[in-house]
Amino acid sequence: MEFRARSLWYHMSQLFVGLTIFFVTANIVSAEDMRKILEHDKYLKRGKALASRNMFKEALVDFNKAVAAVPTPGAYTEKCLAHYFLKDYGNALKACNKAISLDENYDRAYAARGHVYGVTGKMKEAKNDFQKGCQLGSSLACEKMKNFQH
């Protein structure tokens, strides 16, 4: 089983390299843009791995590098969550707001911001964000909405 997984990973990575070369040579994405995308992905993945081990300060360093390379709502939401777990709620809120400003339909950002509002006692705002996140498809936000239906 392990051999198949490695083999699959190898073939997927080769496909990715091939697609990268295609996009750059077809002038769909410049080489510099592709470099930034790859850098963003590298730091985002590493930051998520660190966060999964509760190493939020270290994860935040990588999330900051990811948003510096390519500012995406996903990276800003991860940054929000890292700040949240570090109990730095002001910066968590800023990161969530930035994620939402980049994509007002990014459900995870609303769910994350709902948590920040909830822990800071802003229950009306938390409810609104969980409701919005739920409407956009976040199962976590839908689960949190149950707390407000009593």
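Rings of Phe, Tyr and Trp (its six-membered ring) form an aromatic pair if their centres lie within 6.5 Å; planes under 30 degrees apart count as stacked, over 60 as edge-to-face and the rest as tilted. By this rule the count comes to three aromatic pairs. The structure is a predicted model, in which local features need pLDDT of at least 70 and side-chain atom pairs count only at pLDDT 80 or more, while totals for chains, interfaces and linings use all residues. Residues are numbered from 1 along each chain as its sequence is written, and side-chain values use heavy atoms, with hydrogens and water left out.

The protein contains eight helices and zero strands, where helices (H or I, at least four residues) and strands (E, at least two) are DSSP runs numbered from the N terminus. Along the sequence the pattern is therefore written α-α-α-α-α-α-α-α. Of the 150 residues in the protein, 35% are buried; buried means under 20% relative accessible area, exposed over 50%, and partly exposed in between (1.4 Å probe, protein chains only). Among the contacts (heavy atoms within 4.5 Å) with a separation of 6 or more, 40% are accounted for by residues 24 or more positions apart.

The aromatic residues F56, Y84, F85 and Y89 are linked into a cluster by ring pairs. A pair of aromatic rings is described by the distance of the centres and the angle of the planes. For F56 and F85 the ring centres are 4.8 Å apart and the planes stand at 15°, so the pair is stacked. This pair links distant parts of the chain, since F56 belongs to helix 3 (residues 56-69) and F85 to helix 4 (residues 73-85), 29 residues apart. F56 counts as buried at 13% relative accessibility, whereas F85, with a relative accessible area of 47%, is partly exposed.

The axes of helix 5 (residues 89-102) and helix 6 come within 9 Å and cross at roughly 155°. Axes are lines fitted to C-alpha atoms, for helices over the stretch in contact, and angles run from 0 to 180 degrees between N-to-C directions. Angles under 35 degrees count as roughly parallel, over 145 as roughly antiparallel, 65 to 115 as roughly perpendicular and the rest as oblique; helix 5 and helix 6 are therefore roughly antiparallel to each other. Their crossing is left-handed, meaning that the near helix is turned anticlockwise from the far one by less than a right angle (right-handed if clockwise). Residues of this contact include Y89 and L93 of helix 5 and Y110 and V116 of helix 6. The contact divides into 12 nonpolar residues, one polar and one charged, where Ala, Val, Leu, Ile, Met, Phe, Trp, Tyr, Cys and Pro count as nonpolar, Asp, Glu, Lys and Arg as charged, and the others, Gly among them, as polar.

Helix 6 (residues 107-119) also meets helix 7 (residues 123-136), with axes that come within 8 Å and cross at roughly 160°. These two helices are therefore roughly antiparallel, and helix 6 passes helix 7 in a left-handed crossing. The residues in contact divide into seven nonpolar, four polar and five charged.

H115, in helix 6, is buried with a relative accessible area of 18%. Beyond residues up to four places away in sequence, H115 touches Y84, F130, L140 and K144. Y106 is placed in the loop between helix 5 and helix 6, and its C-alpha atom is separated by 7.8 Å from that of G133, 27 residues apart along the chain.
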